[in-house]
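Student: I am new to reading protein models. Could you walk me through this one by question and answer?

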Amino acid sequence: MKNNYKDLSIKELTAEESKLRSELFNLTFQNKVGQLANTSRIREVKKDIARVKTILTQKKIAGIKE
């Protein structure tokens with residue numbers, strides 16, 4: 001699920017990252033227990049976390065404070 005993260009503020013990006021991290025934790029737990037049907041969702045969430053972190057870094061380097 002590719003979102004348009006560039007339009008979000010730094011606070012929103014930080015909140016989105018924590019939401020994605022908790023989702024990743026839950027997905028990993030479900031996978032270990034054997035309850036996860038769609039294991040490719042783990043990969044998608046990891047990529048979304050990387051996207052959010054990349055944009056956060058770009059905004060911090062550019063000095064954008066929102």
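Predicted model: local features only at pLDDT ≥ 70, side-chain atom pairs only at ≥ 80, totals over all residues.

Student: Is Glu16 buried or exposed?
Tutor: We sort residues by relative accessible area: buried means under 20%, exposed over 50%, and partly exposed in between, using a 1.4 Å probe and protein chains only. Glu16 has a relative accessible area of 16%, so Glu16 is buried.

Student: Which residues does Glu16 touch, not counting residues up to four places away in sequence?
Tutor: Contact means heavy atoms within 4.5 Å. With residues up to four places away in sequence left out, Glu16 touches Asn3, Tyr5 and Val52.

Student: How far apart are the end C-alpha atoms of helix 1?
Tutor: The expected span of a helix is 1.5 Å times one less than its number of residues. Helix 1 has 24 residues, so it should span 34 Å. The model agrees with that, as the end C-alpha atoms of helix 1 are apart by 35 Å.

Student: And how far does helix 2 reach from its first C-alpha to its last?
Tutor: Helix 2 has 23 residues, with 33 Å expected at 1.5 Å a residue. Its reach is close to that: 34 Å.

Student: At what angle do helix 1 and helix 2 pack?
Tutor: Two packed helices are described by the angle between their axes and the distance between the axes. Axes are lines fitted to C-alpha atoms, for helices over the stretch in contact, and angles run from 0 to 180 degrees between N-to-C directions. Helix 1 covers residues 10-33 and helix 2 covers residues 40-62; their axes are 9 Å apart, and the angle is about 160°.

Student: Which word describes how helix 1 and helix 2 run relative to each other?
Tutor: Angles under 35 degrees count as roughly parallel, over 145 as roughly antiparallel, 65 to 115 as roughly perpendicular and the rest as oblique. Helix 1 and helix 2 are therefore roughly antiparallel.

Student: How do the residues of the contact of helix 1 with helix 2 divide?
Tutor: On the helix 1 side, the residues that meet helix 2 include Leu13, Glu17 and Leu20, and on the helix 2 side they include Val45, Ile49 and Lys53. Ala, Val, Leu, Ile, Met, Phe, Trp, Tyr, Cys and Pro count as nonpolar, Asp, Glu, Lys and Arg as charged, and the others, Gly among them, as polar. The residues of this contact divide into 11 nonpolar, 2 polar and 9 charged.

Student: What covers the buried residues of helix 2?
Tutor: The buried residues of helix 2 include Ile42, Asp48 and Leu56. Among what covers the buried residues of helix 2 is helix 1.

Student: Is Lys59 buried or exposed?
Tutor: Lys59 is found in helix 2. Its relative accessible area is 9%, so Lys59 is buried.

Student: How far apart in space are Lys59 and Lys6?
Tutor: In sequence, Lys59 and Lys6 are 53 residues apart. In space, C-alpha to C-alpha, Lys59 and Lys6 are apart by 9.1 Å.

Student: Which residue follows helix 2?
Tutor: Look for a positive phi, near 85°. The residue with that phi, following helix 2, is Gly63.

Notes:
Residues numbered from 1 in each chain as written. Heavy atoms only, no water. Helix = DSSP H or I, 4+ residues; strand = E, 2+ residues; numbered from the N terminus.
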